[in-house]
Each structure stands twice: as C-alpha cells, then as structure tokens.
Amino acid sequence: MKRRQLLLGTVSLMASAALITGCGSSPAATSAPAPTGDPTGTVTFWSSLAGMDKVAAAFNASQDKIKVTFETVPNGASGGYAKLSTAITAGNGPDVATIEYPQLPQFVSNGQLQPLDGLIDKAATLDKLSDETKALVQFDEKTYALPYDAAPMIMWYRKDVLEKAGVGVPKTWEEFEAAGQKIKAVAPEAHLASFNPNEAALTAALSWQAGAKWFGTDADSWKVGINDQSTQKVADYWQKLIDQKIVKVQQSFSDEWSADLASGAVVGVLGANWSATGIQKRTEASGQKGQWIAAEVPNWGSPSDAFYGGSSFNVTKSSKNPAAAAKFIEYLTTSPDAIKARGNTGSAFLASPGLTPVAQSAFDASYFGNDIYEVFNKAYSTITPGWQWGPNWDITNTALKDAYGTLSTGGKVRDAVDAAQKATVDGLKQNGLSVKE
Amino acid sequence: MVTQVPSVRGTKRPGSRKQRPMSGTGGRTAALFLTPFFAVFAVAMVAPVIYAVVLSFFAQQKSGLGFSEAKTSFVGLENYLQVLQSESFVGGIGRLALYCAIYIPCMVGGALAFALLLDAAVARARKLFQLLVFLPHAVPGVIAALIWAYLYTPGVSPIVSALESGGVAVNFLDHQMILPSIVNIAVWEWTGYNVIILFTALQAVPREILEAARVDGAGEIRSALSIKLPLILPALSVIMLFTVIGTLQLFTEPSIISKATASVTSTWVPNMWAYDAAFNRHNLNQAAAASIIIALMAAVLSWAVTRFSSRTNKA
C-alpha cells in the first residue's frame, strides 16, 4: 500500500508540474546590433491574422536576400500570447511576432522584444504616423513595434430595424438609449446591441472615448485609473442599458451571439472596422444583406472615438537576425504590395497613411448598406489623444472579465471596474512595479 | 482530467500463491527492461518536478516602470504565501470542494446503481447496456465540453428552448447554475467508465455465496446490498481515490465552458489559477508554487482516502 500511495502522490505532482514546464530556460540575450547595409538570411514570422501567409510569400517573391518562413499561431484569446511568450523566454520564438496594442507593453516590460531604434528607417515608417498610433508602440523613449492596423471603434446597426422603430442613427449616447427604448417598443425581444463581458478591451475603448486614462506614467511610477471618473460615467451608463434590457449581456463571438445576430434578437454590434466580415458571416444566411450599416460610435457631446483592437509587428528578443526581421516589418507595415497580397480577408484600416485605400479596394463591401470606409475615415479622425496601455494588460483583462461574470445574475458594471482597479494595482505592485493610484 | 488507469482488485481467492521473482539472472533482466521506463520517467517527470520546486522559491522582481531588466531573487516561501493568501485561489479550492460534494455522490452512486443493475440483468441485454453506458467515456473530454457548451447555450441549445416552451426558464450558464452544469458534464463522462470497473468487480463475486444467499431467502435487492456491496468495497475505494485525484485536476471542462460564459472566471479552479499565473500574468514562480500546493493536496487526499477505505475494508 505504501508504495502505491507514494506513486500516486508523485503522479499527481507530475501532472500539476507538467502544466508549467517547458517555459524554463533563460531568455537568449542577444543585444541589438547596428543596422548593416543590406540584411540577408532567414526570418520566421508568427501571426494569427488571416492572409499573412500570402504576404510572406509575396515578400519572398519580391526579393532574394531575405527568406520569410510563416507560421500560423492561435489568436490571443486562444492562447497565442502564452505560446509566444513561452517560446521567446525559451529562446526559440519567431523573429517577427504579431502583438495587439494592449499586450505590447507587457512584452516590452518582460524584456521579450528588441527596440527597433537603429534597425528601421524612421523617416519612412514612424515619422509618417499619427501621434495617437505612435504612442501605442513607444515606451521609455524607445520604439518597440511598427503599427499595422489602427482600428477605430465602430457601431454597426440593422438599418431596417432602426427605420421600423422610426429612429435615425444615434449621434450621442443619449440618443442611443432613446433608440434602444423605441426598438423595444416595436420589437420587445430585440436588443440594440450586446454588452460583451469577455471583451475588456471594449470597455477600455468606451472609457478611452469618454476621456478616461486607465494607465499613465508619472516620473518613475505608473498611474492606474481603471475606475476614474470618466470610466465610472461609462459604467453607470451601460448598467442603465443592461437594466432596461436595451443591450444583452453575452460573450461576443459565442454561439449565442451568432444565433442572436442571425435571428434579430440583437440588431447592432459595437465593434470596430474589422467587425465587417464577422457580421457578414453570421447574418448572410438569414437574408440580412444590405441591412447592416457602419456608423460612428455615439459620443458624449462632441465627436470622439477610440481604438478597439489592432496589431503591431515587432522583433522578438530571441531573433538572431533582427536587421532582416526589421526589413520585413517595414515591408509589412508600409508596402502597398503587402496589403494587396493579403487579398479580400477583411475590412482593414491601416496605420500607415496611404495604405487604407489599397485595403479598401481589396475588400468586397457590397454586403453593407452604406460606404463603410467613409465612416472609418471619419471615426479615425476623431480618436481621443493621450491613451496609453499599462505594463500588464492581462491582469486587468482577467480581473475585469472575471468581475463581469456576475453581470447576468445582478452584478454591477461599476463594481467590476472597481475590482479591476484593485486587482491591477495589487498585481503590478506584486511584480515590484511602482504604482500610484 | 488525467486518464484514469483501471486497477481492479477482485476478492482474493483462497489458496492463491504469491509469485516471487526468481533469484539470479532475473534481477538483471528486470533492470534491462525497466531502464527505458525510468530514463524517460526521470527526464519527463522527475526533472520537471524538481525544476518546479526550485522555481517556486524564486521571484522575478521588477522596479519603477518595469521597462528595465527584472532581478531574480530567492524569496523562500513567499510565493506559497502569496498563493495561499490569494482570494481567487482559496475561492477556487472552495469551489472544488463544493464540486466534489456534488460530483462524487452523484457519479459513484450512479455508477454503483448501474453496475448492480447490469449484474442483475439478463445476460443478453447486459452487453448492450454495458456498451451504451460506457460510450460517453469514449468521447474525449474537450469534445464533450464543447458539445455540452452547445447544449447549455441559450438561443442555440435545443434543450434550453424545449424547456422554455415547457414554461421552464433556466440558464445553465449563469453564475449559480454553472457548477451543477459542469458537474453534469463530468458525471456524464465518467459514470460509464466506473460502471465497468465496478461491474468487473461484481463478476468476481463468488457465485456460490450468492446462491447460498438465495437459498436463505434473500431477494435481489437484499443480496445486492448485503452481499455484493461489501464484497466490491475495495474496487469502490479505488474508484474514490482516482475520482478525488481526477477532481483536483479539473481544468478542461471549465476552461472550454469559459469561452461560452463569463460565469467561469479565469481562476475558477486551482489548476486554472496556476495556468493563469503562468501564461496570463507571466509569473512562473507563483505558478510553480500553486502547482506544488495542488500536488500536495492531491497527495494528502489520496493518503486520506486509502487510509479511510482500508480501514472500512477491514471492518
């Protein structure tokens, strides 16, 4: 009996330990060498973005000095960042990785990315960008990534339902609430939009639009304001919509959400420019072609917007060939050929000026009832400046998502942002960072 | 969940002899055959565990804004303290205890009932029911969780809409229902498997004893409760042991369901807590400490269960 107990104990110990193995060896410390004239060699590239395999192939065909090997990885929500982070730490990560803006500072702070200063042609890349996008990739006066897309938050509506309820496209959040009430009057089962407890980044974008600053730096300390006044205003507003059943609390991209969009139980999507394909995919079969329109997100008085999503490309610490990797990143983010090669994969909106028209002509927007790119352009011009992401988005993301778990049984949005604030401050302090509330 | 290894002890037949390894060349041959196992075991099992233990005593400390290099320092038991002080970790253990309290009686009771029924059934029907009962276990855990997530989701699930049209509005995925919903998946998955173990043990019950009971006037129910049940207690305790360990490893089902509902948080059970620490919060040291704590809990519980069941077996 003794031996069996011991063995069983050991086996369970192994099983638990197996969870965290494979993430051990120390990061390969390669210091960034000075850029050489014409980098050569092979570069590995990880991305979860559709069509990036074609872009890599196009790059390989366009020159013969650098060869890019592409690998599809799961997206962030499906464990893509866990894989990337583990691989970089173990020293076998890719040369070029795709990281969304909220997660970027975390990779920088973990020392997993190489600064691009000295590797890239600043005049052709960074200097052409807007300040709002530049702020997303620069930390501690160094540049750690080149922005790919700049995704303005967009509100999508069913035009036919708005017309049936006799309301126009809401300009302000006040009008949005009124529109929701009117839709309820003509279709009691319908919701104007959904509130997505799994999308903390959307709560962030809504707060950003309202003028909140969740993260900021003050000398050598982080300032965390996840429950600041503007966010509280946003939280209370959405609570009101939830209580009136104007919006439905449901996970975005879930089966439930898809079914509700198809059936008309939800007639609007608070998303971004990239939501177009998702909406089309979920509603095409139920004959909603031509009914969906894009609109600027309702505002708090004057036109304003925020980014919701978007990715950047960067050179990882484990890259042995940062010069060639940087060259490829320049191609990815500034070359019209790269955009063309990607094909009709989605309604992209790109950070680098001049590229969006290329993406627009590659995307078939005939499913939609208005000129969606015109709306994107307008929305992009109203992004609220001054937003910064914090050093560990996953702590905030997890805390907010977890706190939203009780929304369907009487939990409050306001309590959730308070919980996220506390968890973030505690978590950052536990990592040794200096935090001011 | 870890795969459970069937290990069945029937009742000992009188007169069975203990086999002793032959002396002389036997030892060397045994060593030859065992070496590959222990080599892989050392590399894939022992080494990672030692590494995890080492990791759990260190911490990476950043400073200021955190953009400069982090320092690794020895912190003793601090990681363990942080894990045990974490509300979400302790909450996860509580949730797990509640899960056990619902799951174990349902599953073991169900398996026992099925096995006794099968044992009493007509021989021809037996094969068919055995297969039917075991079938859910042939479905991999991830797939099972996906199927059930679909069956639980309002607006998609035929079950939910059938209940709704019958006037019963229930949301299987909300904050209060989610635990029973996940227990249900596990019961569905594991009952059949344990039925087979118990049924095999029942087959080993000497028929002459049952006959004697019948002659003495015991009906089917009486002989099931007074004869069969005590004789399969060893098998029952093995099942309990594996179930307890399996329960501590709970991870697959809740993490799949968490995609469908916000009710399952990212730190819902201790294993998910460890995963979250390692791969979301990037705190490998804390994750290592959490894993060791989970393993220790499994060891203590296994010991308690074997201890308890060996005592009742003797009694």
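Predicted model: local features only at pLDDT ≥ 70, side-chain atom pairs only at ≥ 80, totals over all residues.
Chain A and chain B touch through 54 residues from chain B and 54 residues from chain A. By class, the side of chain B that touches chain A holds 27 nonpolar, 22 polar and five charged residues.

Chain B itself is assigned two domains, domain 1 (32–74) and domain 2 (86–314). Taken over C-alpha atoms, the centres of these domains of chain B are 32 Å apart. Their contact involves seven residues from domain 1 of chain B and six residues from domain 2 of chain B. On the domain 1 side, α1 and β1 (58–61) of chain B each give two or more residues. That side is made up of five nonpolar and two polar residues, with no charged residues.

Turning to the interior, nonpolar side chains tend to be buried together in soluble globular proteins. Here the largest nonpolar core has 135 residues, of which Leu104(A), Ile154(A), Ala205(A) and Phe328(A) touch the most other members. Helix α12 (residues 322–334) of chain A gives this core its largest share, eight residues. Beyond its neighbours within four places in sequence, Ile154(A) has contacts that include Gly271(A), Ala294(A), Val297(A), Phe376(A) and Ala379(A). A second, separate core of 72 residues includes Val183(B), Phe242(B), Ile245(B) and Ile294(B).

Terms used
Residues numbered from 1 in each chain as written. Chains lettered and ligands numbered in written order. Contact = placed C-beta atoms within 7 Å. Nonpolar A, V, L, I, M, F, W, Y, C, P; charged D, E, K, R; others polar. Domains from an automatic or database assignment. Helix = DSSP H or I, 4+ residues; strand = E, 2+ residues; numbered from the N terminus. Core = buried A, V, L, I, M, F, W, Y, C linked by C-beta atoms within 7 Å. Buried ≥ 20, exposed ≤ 12 C-beta atoms within 10 Å, placed from the backbone.
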